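Please take a look at the structure first.

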Amino acid sequence: KDTIANYSNVMDDNSAQDKALKKAFDRFKKLPESSKLKQNFVQYILENNDWLEPKAVYRILQKEHGNLRYRDWEEGLDKNLYENSVSHEERQARIQELLSTNQDDADFYKFKQFLADEHLMLNDMGVKLTGDCEIGFSDDEKWANPQAFKKDCCIGDRDWGLPCLEYDNIKDSNSPAAKLLKRKVQLNAKRYDCIRFDVGWAYVAPRIFHSNGNAYEMYLGEDVLNFIEKSVKEVKGENFDLRDLTYEFEGGNVY
């Protein structure tokens with residue numbers, strides 16, 4: 001605490017920052033619906049609820065399950081809430097139940113994300129803001145998009161343990177893996193002027209490790225990189241300078 005940043009005071013539930021944000025949220029809720037900030041918030045939800053809602057639902061469920069990661073929850077509907085094996089009607093009923101009984105918690109999470117993105121838009125100092133597009137995905141992203149990932153596999157290095165996208169069909173722009181990657185890339189494109197792609201070589205020649213001990217490498221060529229750059233231009237415009245995208249590659253025996 002005396003030598004490093006006190007992240008628990010910022011990140012944890014009921015931390016000093018969390019309590020301050022709750023006070024801000026309470027004041028925010030009292031603003032008139034016509035206020036500029038509330039109008040911006042409504043627009044933000046309309047544009048981002050496809051990824052905001054699952055993240056909010058995940059945090060609600062995490063509390064119900066003793067703050068454990070979803071892989072440690074008991075088998076049942078909550079653990080498999082976004083699996084196709086569960087009927088759409090059953091899934092939607094559970095999601096609506098969770099949101100209706102925990103509406104304030106869900107809105108508070110969305111409010112914090114809104115503030116974070118709003119602050120990234122305040123870059124008016126004439127400098128380029130660079131962000132890192134990580135190769136990994138969070139637990140809630142894997143839980144909410146199970147069809148996008150290769151089961152029982154990790155990417156990059158066995159020790160990383162990072163979720164592995166379903167590279168077998170990622171070249172199909174309509175596949176769950178491609179849609180999830182596109183959303184991730186475009187969120188970064190909205191937030192930053194320049195993007196560094198962590199483990200960029202994994203979009204060309206991913207190394208895949210299976211839980212059974214097997215490992216293999218795929219060759220995707222330039223297709224996924226072209227897909228990424230097209231996704232960025234859909235946000236930034238056709239004249240976006242692709243030199244503002246940086247891919248991490250390693251030396252040695254790669255394709």
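## Salt bridges

A search of the whole structure finds 26 salt bridges, where a salt bridge is a side-chain nitrogen of Lys or Arg within 4 Å of a carboxyl oxygen of Asp or Glu. This is a predicted model, in which local features need pLDDT of at least 70, side-chain atom pairs count only at pLDDT 80 or more, and totals for chains, interfaces and linings use all residues. Residues are numbered from 1 along each chain as its sequence is written, and side-chain values use heavy atoms, with hydrogens and water left out.

One of the bridges pairs E166 with K150, at 2.8 Å from N to O. It links distant parts of the chain, 16 residues apart: E166 sits in the loop between β3 and α7, and K150 in strand β2. Helices (H or I, at least four residues) and strands (E, at least two) are DSSP runs, numbered from the N terminus. Are these two partners buried or exposed? E166 counts as buried because its relative accessibility is 16%, and K150 is buried too, with a relative accessible area of 9%. For reference, buried means under 20% relative accessible area, exposed over 50%, and partly exposed in between (1.4 Å probe, protein chains only).

D223 is partly exposed at 41% relative accessible area, and K171 counts as partly exposed at 48%.

In the salt bridge between D241 and R243, the closest N and O atoms are 3.0 Å apart. Here D241 is partly exposed, with a relative accessible area of 31%, while R243 is exposed, at 73%.

## A buried charge without a bridge

E141 is found in helix α6, which covers residues 139-144. It is buried yet has no salt bridge; K55, the nearest side chain of opposite charge, is 4.1 Å away. For that label, Lys and Arg count as positive and Asp and Glu as negative, while His and the chain ends are not counted. Leaving out residues up to four places away in sequence, E141 touches K55 and F149, a contact being heavy atoms within 4.5 Å.

## The nonpolar cores

In soluble globular proteins, nonpolar side chains tend to be buried together. In this model, the largest nonpolar core has 35 residues, and L165, Y167, I170, L181, F197, Y203 and I228 have the most contacts inside it. A nonpolar core is a set of buried Ala, Val, Leu, Ile, Met, Phe, Trp, Tyr and Cys residues joined through side-chain atoms within 4.5 Å. Elements that each supply at least two residues of this core include β2 (149-155), α7 (176-191) and α8 (223-236). Which element gives the largest share of this core? That is α7, with six residues.

Beyond residues up to four places away in sequence, L165 touches F137, A148, F149, K150, I170, A177, L180 and L181. A second, separate core has 28 residues, among them F25, A56, W73 and F114.
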